[in-house]
Amino acid sequence: MKIINEMKLSFPSKSCNEAFARAAVTAFVMNLDPTVEELSDLKTAVSEAVTNCIVHGYRHGSGTIFITAKITEANKVTVKIRDKGCGIENVNQAMQPLFTTAPEEERAGLGFAVMQSFCDSVKVSSKPQKGTTVTLEKYIAV
């Protein structure tokens with residue numbers, strides 16, 4: 001599919017930047033004239049993915065979060081959120097509802113389930129000690 005527009009963004013893994021990431025991705029898709037619900041869905045999914053980078057990917061330190069986003073001619077928005085943190089040992093297990101690697105922080109373990117409920121597709125690739133990439137796909141109705 002032909003790419004209509006794309007963006008790249010990177011920022012420190014600080015909690016205050018989670019809102020920035022949401023706003024940046026929202027602003028990027030505005031030219032598609034999404035509904036309030038579509039925007040809310042995308043913001044929530046991006047928020048969850050960025051929070052996972054901060055809380056789990058860089059749990060014992062800090063690093064950089066990378067976001068790339070593309071819009072294709074079919075009004076498909078693809079957002080990749082990537083960290084170079086500790087990675088996920090077992091992606092299938094991590095994607096199960098209620099699984100968390102940070103129980104001491106009272107995490108519910110619902111991040112991936114939330115992303116899946118608000119996007120058309122969620123893919124996760126990860127390598128221990130190399131980092132994790134979450135790919136979110138959302139079609140914006142015409």
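Which side chain of opposite charge is nearest to Asp 83, and how far away is it? In this predicted model, Asp 83 is buried yet takes part in no salt bridge. The nearest side chain of opposite charge is that of Arg 82, and it lies 8.0 Å away.

Asp 83 itself sits in strand E3, which covers residues 76-83. Leaving out residues up to four places away in sequence, the surroundings of Asp 83 are made up of Cys 53, Gly 57, Tyr 58, Thr 64, Lys 130, Gly 131 and Thr 132.

One of these neighbours, Cys 53, leads on to the cysteines. The model contains zero disulfides. Cys 16 is in no disulfide, and the nearest cysteine sulfur, belonging to Cys 53, is 15 Å away. Cys 53 is likewise in no disulfide; for this residue the nearest cysteine sulfur is that of Cys 86, at 10 Å. Since a disulfide calls for sulfur atoms within 2.5 Å, the 10 Å from Cys 53 to the sulfur of Cys 86 rules that pairing out. Cys 16 is exposed, with a relative accessible area of 57%, whereas Cys 53 is buried, at 3%.

Attention now turns to the charged pairs. Four salt bridges are found in the structure. In one of them, Arg 22 pairs with Glu 18, and the closest N and O atoms are 3.0 Å apart. Both residues belong to helix H1 (residues 17-29), where a spacing of four residues amounts to about one turn of the helix. Arg 22 is partly exposed, with 29% relative accessibility, while Glu 18 is buried, with a relative accessible area of 14%.

Another salt bridge brings together the side chains of Asp 41 and Lys 138, at 3.1 Å from N to O. This pair links distant parts of the chain, with Asp 41 in helix H2 and Lys 138 in strand E5, 97 residues apart. Both Asp 41 and Lys 138 are buried, and for Asp 41 the relative accessibility is 10%. Apart from neighbours within four places in sequence, Asp 41 is in contact with Phe 118 as well as Lys 138.

Glu 137 and Lys 123 form a further salt bridge, at 3.9 Å from N to O. Because Glu 137 lies in strand E5 and Lys 123 in strand E4, the pair ties together parts that are 14 residues apart in sequence. Glu 137 is buried, at 13% relative accessible area, and Lys 123 is partly exposed, at 47%. Through shared partners, salt bridges join Lys 76, Lys 123 and Glu 137 into one network.

Finally, what lies on the buried side of helix H4? Its buried residues are Gly 111, Phe 112 and Met 115, within a helix that runs over residues 111-118. Viewed down the axis of H4, these buried residues fall within an arc of 95 degrees, so they line one face of the helix. The elements that cover the buried residues of H4 include helix H2 (36-57), helix H3 (91-94), strand E4 (121-127) and strand E5 (131-139).

Key
Residues are numbered from 1 along each chain as its sequence is written. This is a predicted model: local features need pLDDT of at least 70, side-chain atom pairs count only at pLDDT 80 or more; totals for chains, interfaces and linings use all residues. Side-chain values use heavy atoms; hydrogens and water are left out. Buried means under 20% relative accessible area, exposed over 50%, partly exposed in between (1.4 Å probe, protein chains only). Helices (H or I, at least four residues) and strands (E, at least two) are DSSP runs, numbered from the N terminus. Lys and Arg count as positive and Asp and Glu as negative; His and the chain ends are not counted. Contact means heavy atoms within 4.5 Å. The arc is that of the directions from the helix axis to the C-beta atoms.
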